[in-house]
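My notes follow in the order I looked things up.

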Amino acid sequence: MEPNNETWMHEFILLGLSRDRDTQVSLFISFLLMYLVTVLGNLLIILLIRLDSRLHTPMYFFLTNLSLVDVSYATSVVPQLLAHFLAAHKAIPFLSCAAQLFFSLGLGGIEFLLLAVMAYDRYVAVCDPLRYSVIMHAGLCLRLVIMSWVSGSINSLVHTAITFQLPMCTNKYIDHIACETIAVVRLACVDTSSNKVAIMVSSIVLLMTPFFLVLLSYIQIISTILKIQSTEGRRKAFHTCASHLTMVVLCYGMAIFTYIQPHSSPSVLREKLMSLFYAILTPMLNPMIYSLRNKEVKGAWQKLLGKISGVTSKLST
């Protein structure tokens with residue numbers, strides 16, 4: 001009888017970005033600094049929203065969740081990536097790999113859904129401002145957020161289960177920076193057509209569907225803005241959506257470019273670079289975008305810094 005080559009790995013080896021030691025040290029320093037900025041920036045945004053009562057609105061409630069998702073997503077990928085830059089043996093245990101895939105995939109899906117929810121919030125604020133407080137009441141906001149977290153988590157749990165039940169034979173080298181769904185599925189020594197279909201269906205449900213909802217919201221928003229007579233009124237209405245629209249372009253743009261691509265030999269290097277952009281740069285830019293482009297957040301920062309300055313002055317005297 002022929003030996004059965006189907007087996008399950010106890011650990012995987014992540015090939016990462018580079019095997020050159022000097023390059024790895026440089027990347028370690030760069031990504032460590034970006035990760036620290038990401039964690040600090042997003043936690044400060046969450047703290048600021050909690051402390052300033054003027055920011056206790058649906059928009060900033062959703063932003064709190066978005067910042068929490070961003071810092072959690074970065075934490076699910078970057079610490080392991082940093083450790084592997086300094087390690088000679090770049091192994092990740094089977095269960096750790098499965099956990100990383102679950103959290104990164106789940107948090108990514110939650111972010112897409114939250115951005116769609118925030119687009120609806122901006123649609124109501126611009127297109128039906130007189131009924132905004134009635135429509136976007138606390139109960140609805142909470143249900144929308146819970147729906148986002150539950151849907152993203154269920155989708156991730158299903159994909160993690162069907163991905164890690166695949167036999168990997170003797171191939172344990174993942175040519176990626178992390179345990180990413182497509183990269184792990186490539187290791188299987190059985191037909192993975194059903195897995196690829198599941199990935200595509202998931203991309204449509206949790207990526208393209210929210211994207212089209214965002215698109216429809218902004219079509220209505222732009223149509224309403226164009227009907228405003230005064231230039232100042234149009235400017236204020238657009239400014240209301242500017243920060244969110246910037247995040248939509250970054251998050252959906254990178255994700256669509258990475259996951260919704262032709263079957264004709266996708267570049268592994270391109271996948272790695274896009275994953276890096278999504279895992280590190282986008283979470284890092286989120287607090288900067290909302291701080292620099294949002295009058296309410298800038299005002300809250302100034303108020304908080306003023307209080308800190310006042311306390312410091314009293315302590316020094």
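First, the accessibility terms. I call a residue buried under 20% relative accessible area, exposed over 50%, and partly exposed in between, using a 1.4 Å probe and protein chains only. This is a predicted model, where local features need pLDDT of at least 70, side-chain atom pairs count only at pLDDT 80 or more, and totals for chains, interfaces and linings use all residues. Residues are numbered from 1 along each chain as its sequence is written, and side-chain values use heavy atoms, with hydrogens and water left out.

**Entry 1: overall layout**

I took helices (H or I, at least four residues) and strands (E, at least two) as DSSP runs, numbered from the N terminus. I found 10 helices and three strands in the protein. Along the sequence the order is β-α-α-β-α-α-α-β-α-α-α-α-α. The protein has 317 residues, and 46% of them are buried.

Next I checked contacts, meaning heavy atoms within 4.5 Å. Among contacts between residues at least 6 apart in sequence, 81% join residues at least 24 apart.

**Entry 2: the UniProt record**

I looked up the annotated spans. The unreviewed UniProt entry places "transmembrane region" at residues 25–48, 60–78, 98–120, 197–219, 240–261 and 273–292. UniProt positions are in the numbering used here, feature names are shortened, and annotations may be inferred rather than shown by experiment.

I then checked two of these spans in the model. Residues 98–120 are 100% helix and 0% strand, with the end C-alpha atoms 33 Å apart. Residues 197–219 are also 100% helix and 0% strand, and here the end C-alpha atoms lie 31 Å apart.

**Entry 3: helix α7**

α7 bends by about 35° at I204.

**Entry 4: nonpolar cores**

A nonpolar core here is a set of buried Ala, Val, Leu, Ile, Met, Phe, Trp, Tyr and Cys residues joined through side-chain atoms within 4.5 Å. The largest one has 64 residues. F31, F62, L63, L115, M136, Y252 and I280 have the most contacts inside it. Helices that each supply at least two residues include α1 (21–51), α3 (94–127), α5 (138–164) and α9 (268–292). Which helix gives the most? It is α2, with 14 residues.

Not counting residues up to four places away in sequence, L63 touches I45, I49, M118, N286 and Y290. A second, separate core has 17 residues, among them L14, L166, I174 and A183.

**Entry 5: aromatic pairs**

Rings of Phe, Tyr and Trp (its six-membered ring) pair if their centres lie within 6.5 Å; planes under 30 degrees apart count as stacked, over 60 as edge-to-face and the rest as tilted. I count 10 aromatic pairs by this rule.

F12 and F94 are stacked, at 6.1 Å centre to centre and 25° between the planes. F12 lies in strand β1 (residues 11–14) and F94 in helix α3, so the pair ties together parts 82 residues apart in sequence. F12 is buried, at 0% relative accessibility.

F94 and F164 are edge-to-face, at 5.3 Å centre to centre and 80° between the planes. F164 lies in helix α5 and F94 in helix α3, so this pair ties together parts 70 residues apart in sequence. F164 has a relative accessible area of 8%, so I call F164 buried. F12, F94 and F164 form one aromatic cluster.

**Entry 6: three single residues**

T163 is in helix α5. T163 is buried, with a relative accessible area of 1%. Setting aside residues up to four places away in sequence, T163 touches L101, M168, T181, V184, V185 and N195.

V71 sits in helix α2 and is buried at 8% relative accessibility. Beyond its neighbours within four places in sequence, V71 contacts V39 and N42.

Is R19 buried or exposed? R19 is exposed, with a relative accessible area of 71%. I found R19 in the loop between β1 and α1. R19 and A88 are 69 residues apart in sequence and 9.7 Å apart in space, C-alpha to C-alpha.

Notes:
Bend = angle between axes of the 7 residues up to and from the residue.
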